[in-house]
Amino acid sequence: MRKRLRRYICVLCCLLLLWQQTPGHAQEPEPGELYAQAAVLMDADSGRVLYDKNGAQVLAMASTTKIMTCILALELADLQEMVEISSYAASMPKVKLYVQKGERYPLEDLLYSLMLESHNDAAVAIAEHLGRKYLPEQLQEKSPAEYTPEESREAVEAFAAVMNRKAAELGCGDTWFITPNGLDATQVLTLENGETIEKRHSTTARDLASIMCYCIRRSPKSQAFLEITQTPSHSFSLENGRSFSCVNHNAFLQMMQGAISGKTGFTNQAGYCYVGALERDGRTFVVALLACGWPNNKGYKWSDTRVLMNYGLDNFAYHSLDEAAYDESELESLPVLRGQTLDIGDTAYVPVRILERGASGDYQGQGAGGQGDGQEIEGLLLRDGEEIQVECHMERQLQAPVEAGKQVGTIQYIFQEQVYREEHIVTTRAVREIDYRWCFQQIMRYFLL
């Protein structure tokens with residue numbers, strides 16, 4: 001009896017081992033222990049999260065804030081615009097460019113100062129320059145050098161509101177900007193019902209990664225953003241003789257082949273933070289790290305970034321959505337109720353086709369993160385064994401009259417319940433409704449023939 005029982009147990013163990021080793025149940029290796037309290041690895045083109053450690057946890061973001069400040073400045077202003085310095089901007093704490101009240105800088109030079117050296121005074125000067133456009137007319141006409149600290153803060157708050165609107169447009173609902181430089185800050189908001197809530201300058205690893213994806217891929221100024229953040233150094237001078245030199249402190253650019261952008265950050269509340277991007281073999285990855293150690297652990301962010309980037313490179317391959325393209329020959333003509341036919345008693349049918357991509361009325365692709373901003377997704381990064389699902393949804397029958405080009409269905413390309421592409425199925429010709437004239441013609445045809 002005992003021998004038989006042992007045999008049964010051995011057989012069950014073997015079956016369990018075989019079951020675990022089958023492709024459908026294989027355990028994919030995950031990154032080892034990370035130092036960061038929150039971390040995300042994202043496919044920059046689709047916005048799909050490839051790895052997540054507390055990715056929805058709201059945390060302080062420090063100077064990674066400046067990627068939003070930079071991209072908005074690129075989108076909303078001309079690089080040659082002159083930015084006048086206020087006493088408030090000059091009063092910002094280190095790290096700083098040491099701008100002085102009344103000086104005027106080309107916006108382009110301040111953006112290099114912002115992204116290469118992470119200067120806090122440059123960030124506030126940029127925010128005032130853009131935010132003052134939303135202030136009352138008398139303050140717009142007033143020179144920033146003449147602003148009181150309170151008026152400067154009003155301009156910065158106006159720019160922060162623009163930052164928050166942009167975050168909302170990108171689907172980053174857990175992000176709240178108060179400062180343009182990432183210094184720790186809190187804000188008390190009064191709701192319509194009179195209640196007050198306290199907000200702090202914060203984001204999530206998911207939101208931060210999504211913002212970086214926008215900066216390097218979907219923004220109309222993505223190339224300018226990449227050019228600035230990839231520059232090793234930048235020097236400039238003012239008419240008063242002062243000269244400056246900015247050196248890029250994003251060490252990741254030299255750490256891995258294909259590194260294309262990134263921004264560091266540190267405050268007492270945030271700890272060390274980082275968001276960076278890497279492009280290799282047709283794949284683009286973004287890593288976002290929050291609360292990745294405190295002094296003296298400055299190097300943790302680099303080791304975590306390496307681990308996650310290598311995890312992406314080792315486990316994910318690019319697959320075009322066209323690989324899963326629906327076979328149009330499988331589409332059947334649709335019956336049309338009360339549709340005109342050649343002979344009385346026949347059923348009218350209308351052929352259908354898939355509307356050519358890019359044609360009028362075509363689908364709108366999903367943006368990074370699936371925000372549906374009109375950005376077309378061409379493909380996804382997938383593991384071995386993962387597949388894009390294709391679903392066809394079409395009307396069973398139509399009611400005459402039917403116009404040519406009428407949408408009668410959709411084809412959806414889905415992965416993990418997210419629709420990444422939607423194509424329209426349309427009729428190829430019109431079908432008229434049965435009317436008295438058609439009936440008369442059919443009767444005459446029947447008797448005459």
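Reply: Happy to! Let's begin with a term we will need throughout: a residue is buried if its relative accessible area is under 20%, exposed if over 50%, and partly exposed in between (1.4 Å probe, protein chains only). Arginine 283, with 10%, is therefore buried. This is a predicted model, in which local features need pLDDT of at least 70, side-chain atom pairs count only at pLDDT 80 or more, and totals for chains, interfaces and linings use all residues. Residues are numbered from 1 along each chain as its sequence is written, and side-chain values use heavy atoms, with hydrogens and water left out.

What does arginine 283 pair with? Its partner is aspartate 281, in a salt bridge whose closest N and O atoms are 3.5 Å apart. A salt bridge here is a side-chain nitrogen of Lys or Arg within 4 Å of a carboxyl oxygen of Asp or Glu.

The structure contains 14 salt bridges. In one of them, arginine 242 and glutamate 103 meet at 2.7 Å, N to O. Arginine 242 sits in the loop between β7 (233-237) and β8, and glutamate 103 in the loop between α3 (87-90) and β4 (104-106), so this bridge ties together parts that are 139 residues apart in sequence. (Helices, H or I with at least four residues, and strands, E with at least two, are DSSP runs numbered from the N terminus.) Arginine 242 is partly exposed at 21%, whereas glutamate 103 is buried at 7%.

Glutamate 378 is partly exposed at 37%, but arginine 421 is buried at 2%. Elsewhere, salt bridges with shared partners join Asp45, Arg217 and Glu279 into one network.

Arginine 421 also has its charged end over the ring of tyrosine 413, 5.5 Å from the ring centre. For this contact, NZ of Lys or CZ of Arg must be within 6 Å of the ring centre and within 35 degrees of the ring normal. Lysine 199 does likewise over the face of tryptophan 176, at 4.8 Å from the ring centre.

Now for rings that pair with rings. The whole structure has 9 aromatic pairs. Rings of Phe, Tyr and Trp (its six-membered ring) pair if their centres lie within 6.5 Å; planes under 30 degrees apart are stacked, over 60 edge-to-face, and the rest tilted. Tyrosine 51 and tyrosine 311 have ring centres 6.0 Å apart and planes at 70°, so they are edge-to-face. They are 260 residues apart, with tyrosine 51 in strand β2 (residues 49-53) and tyrosine 311 in helix α10 (residues 300-315). Tyrosine 51 is buried at 13%, and tyrosine 311 is buried at 5%.

Phenylalanine 252 and tyrosine 274 are also edge-to-face, because their planes lie at 70°, with centres 6.1 Å apart. Phenylalanine 252 is in the loop between β8 (243-247) and β9 (259-267), and tyrosine 274 is in strand β10 (residues 271-280), so the pair ties together parts 22 residues apart in sequence. Phenylalanine 252 is buried at 0%, and tyrosine 274 is buried at 0%. Finally, ring pairs link Tyr51, Tyr311 and Phe316 into a cluster.
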